[in-house]
Amino acid sequence: MTMVAKAKLGLKQRYALLTRGLDWEPSYQSKSAVYPYAEFEGIKIHDWSKWEDPFRLTMDAYWKYQAEKERKLYAVLDSFAQNNGQMGLSDVRYINAIKLFLTGVSPLEYQAHRGFAHVGRHIPGVGPRVAAQMQSLDELRHVQTQIHTLSHYNKFFDGFHEWQHMHDRVWYLSVPKSFFDDARTAGPFEYFIAIGFAFEYVLTNLLFVPFMSGAAYNGDLATVTFGFSAQSDESRHMTLGIEVIKFLLEQDPDNLPIVQKWVDKWFWRGHRVLGLVAMMMDYMLPKKIMSWREAWDIYFTEAGGSLFEDLARYGLKVPKYADVATAEADHLSHQNWSTFYQYTQAAAFHTWLPTPQEMDWLSEKYPTTFDKHYRPRYEMWAEMEKEGKRFYNNALPQLCTVCQIPMVYTEPGDPGTIAFRTSQHKGETYHCCSDGCKDIFDGEPEKYSQSWLPVHQIFQGNCGGASVEDVLKWYRMNLGADNLDQAGSPDQKLWNEWMAARQRVAG
Amino acid sequence: MPRIVSITLQNTDAARPIIEAITEDNPGAVVHSFPGIVKIDREGSLTVHRASVESRIGRDWDPQELHLSIVSMAGNVDEDDDYFGLAWAH
Amino acid sequence: MAVVALEKDYADKVEVRDRVENFHGNHVVYLHWEEHLGFCAALAFPLPPAMPFGALIQEIIPTYYGMHPDFASIDWSAVRWTIDGKEVTPDPAKSLAEHGVGHKSLVRFWTPGLHGFKGSHS
């Protein structure tokens, strides 16, 4: 036997050898019995071997890099905790943005983990199956890192203590929860397009990039660290999302209308969920990075524009109502923050009226809308506060059947009038906040006629009682601590003590 | 509309030589700095060369180490032993 | 449109969660004061169908909208009403049901001359 010195294999060859030929054909069960979810959505795949992995990351390299990310991340988190990093935040109001993030978004990381585990089992192609399994592990890692951050802040601040319990019950958390429930109860291909493409590729940049940059700017090392560590996986997820869509469109022309419908649906659903982030950026970061409008222009209009131009060769169009969403970017954060201000008694984070300086920043960033429509609203409430009549909305709001957000959004082109859309299905009336949500309802009325709408559930007697107090206790909110205004909250009191101590030391 | 490819990296000690290599090797690349991150945009395509990064850090560098510093990107990925590329062309 | 589902008889198994039987004899009714978006959305109430329309005007509306600076200036004889998009002139003595207010009906009202705080629709 002679030894032949061989050149080291290149990455592409190495990757092919390590990832291909691992699958097998079932012999004593039919393929459709092994992959029961593969066909009912109507997607046609002729040749799974045409799948191209965007990143050539083998499992050994995956473990190596993930381990290094984890070592770095936990060193920083530990150091943040050891050095009382919470005292170095720009202002205590900042912590409310993180309450919303950790109670609203972190549980979605877990949902994404479950969803990709399911897809990783049920997609018949070996390439995407391996990629989905990696993503499933990533998502589990993300939620773990976020729980570590939450655990630290929970030692000092209110509103974190029952994040899992609240995620399944609280009215505004039903918005992100129902988004993922919707995706996870769809078939594996729709889930892949919903989360892998529409959410990861088109929209998560808006969540993780400017917002995490905001965390960096506001002294929140703990969040920046998990945020950017997660985002390093996100780039891999994004490329997986784009590969999925190209693969489906290349496999069969009949896939196009199905995929287009999913892209339209999940773009709109994602846009609605991200309204929470719009409000975090424009109102909840004490030191601002960029406005929601600016972030939308960079990450949707510019980046999404190039992407959809690239996908046009398959006949895929820019998501329906992208123009409406772009126009809404001038209103979204203001309409959402106004909603939380008036329902502050029922939220597990604090609210406040923007200061005069913040209002000037908003005028500058939103020259066509803020002074005309939203500044007067805050001025009215400021007058009411001054008279000792802080405005609380004491009735429950009408909710959209699809996005589950209170129906606060206005008619396109008419910011003075709420948009009401209704559908009839089997003798029942259903209300939606927009043409985007109504189209989604009309596409699958059977699904959305089962929506668990928090307001209706309260009326049906399923939420602990009829009074606001009963319901909030059922949510496990600590009344007077978790909810109401920032001014006068235990969080604020603690912060003031820290700052006073700092003053004394500075002499 | 110009078809911009983009890469966003953390603004860290590990990423700075990569950022430097990209800006030097890709004429016309535009660098935007935000707190904690650096976003580099370029029309059409953008490439990170292994040799260019190695010459800056004085050790072997695997383009897959980008996974440790990357925050986001836009464009189709092409990855090999000696480079990591993003492009909208196909 | 055919239901896209793994189970063939999925549509027959759907449990409509908000059907009227689940509300203990009440209808869910949505109420909205137009041009006053300080109230961020229409308000939802579980109301008995036999409740007179007048109770809406005399009890519910003042309780939940009364704190707005415009409220005291409302000329109730001039208010314009719609129920599920149809113009109506309500009779305070008649019931909600007699006005055609059903489960998940939307009642909107406009108050002429009042356009929100400083005319801002807030």
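Two residues are in contact if their C-beta atoms, placed from the backbone, lie within 7 Å.

The model is predicted: local features need pLDDT of at least 70 and side-chain atom pairs count only at pLDDT 80 or more, while totals for chains, interfaces and linings use all residues. Residues are numbered from 1 along each chain as its sequence is written, chains are lettered from A and ligands numbered from 1 in the order in which they are written.

**View 1**
Helix α17(A) spans residues 435-443; helices (H or I, at least four residues) and strands (E, at least two) are DSSP runs numbered from the N terminus. Its buried residues are G436(A), C437(A), K438(A), I440(A) and F441(A). Buried means 20 or more other C-beta atoms within 10 Å of the residue's own, exposed 12 or fewer, and partly exposed in between. Among the elements that cover these residues are three helices of chain A, α11 (255-284), α13 (322-328) and α18 (445-448). The strands β4 (421-425) and β5 (428-432) of chain A also contribute to the cover.

**View 2. Helices α4 and α6 of chain A.**
Helix α4(A) covers residues 94-104 and helix α6(A) residues 126-154. Their axes come within 11 Å and cross at roughly 140 degrees; axes are lines fitted to C-alpha atoms, for helices over the stretch in contact, and angles run from 0 to 180 degrees between N-to-C directions. The two helices, α4(A) and α6(A), are therefore oblique to each other. Angles under 35 degrees count as roughly parallel, over 145 as roughly antiparallel, 65 to 115 as roughly perpendicular and the rest as oblique. From α4(A), the contact is made by I95(A), I98(A) and L102(A). From α6(A), the residues are Q146(A), T149(A), L150(A) and Y153(A). By class, the contact of α4(A) with α6(A) holds five nonpolar residues, two polar residues and no charged residues; nonpolar covers Ala, Val, Leu, Ile, Met, Phe, Trp, Tyr, Cys and Pro, charged covers Asp, Glu, Lys and Arg, and polar covers the others, Gly among them.

**View 3. Helices α9 and α10 of chain A.**
Helix α9(A), residues 188-217, packs against helix α10(A), residues 221-251, at an angle of about 150 degrees. The axes of these two helices are 8 Å apart. That angle makes α9(A) roughly antiparallel to α10(A). The contact of α9(A) with α10(A) divides by class into 18 nonpolar, seven polar and two charged residues.

**View 4. The open sheet of chain B.**
Four strands of chain B form an open sheet in the order β2-β3-β1-β5, with antiparallel pairing; strands pair if DSSP finds at least two bridges between them. The edge strands, each pairing on one side only, are β2 (30-34) and β5 of chain B. On average, and with direction ignored, neighbouring strands of this sheet are turned by 15 degrees against each other. Four bridges join β1(B) and β5(B), which pair in the antiparallel sense. I7(B) has M73(B) of β5(B) as its bridge partner, and S6(B) has A74(B) of β5(B).

**View 5. Helices packed on the sheet of chain B.**
Helix α10(A) packs on the sheet and touches β1 and β5 of chain B, its direction making about 35 degrees with that of β5(B). Helix α1(B), residues 16-25, also packs on the sheet and touches β1, β2 and β3 (37-43) of chain B. The direction of α1(B) makes about 20 degrees with that of β3(B). Strand β1(B) is mostly covered, with six of its seven residues buried. β1(B) and β3(B) run antiparallel and are joined by seven bridges; V5(B) has R42(B) of β3(B) as its bridge partner.

**View 6. Contact of chain B with chain A.**
Here 23 residues of chain B are in contact with 32 residues of chain A. On the chain B side, β1 (4-10), β5 (70-74) and β6 (76-79) each supply at least two residues. The largest share of that side, five residues, comes from β5(B). By class, the side of chain B that touches chain A has 12 nonpolar, seven polar and four charged residues.

**View 7. Contact of chain C with chain A.**
Chain C and chain A each give 39 residues to this contact. On the chain C side, α1 (10-13), β1 (27-33) and β2 (43-47) of chain C are the elements that give two or more residues. β2(C) gives the most, with four residues. By class, the side of chain C that touches chain A has 25 nonpolar, seven polar and seven charged residues. Strand β1(A), residues 396-397, and β2(C) pair in the antiparallel sense over two bridges. The bridge partner of L396(A) in β2(C) is A44(C).
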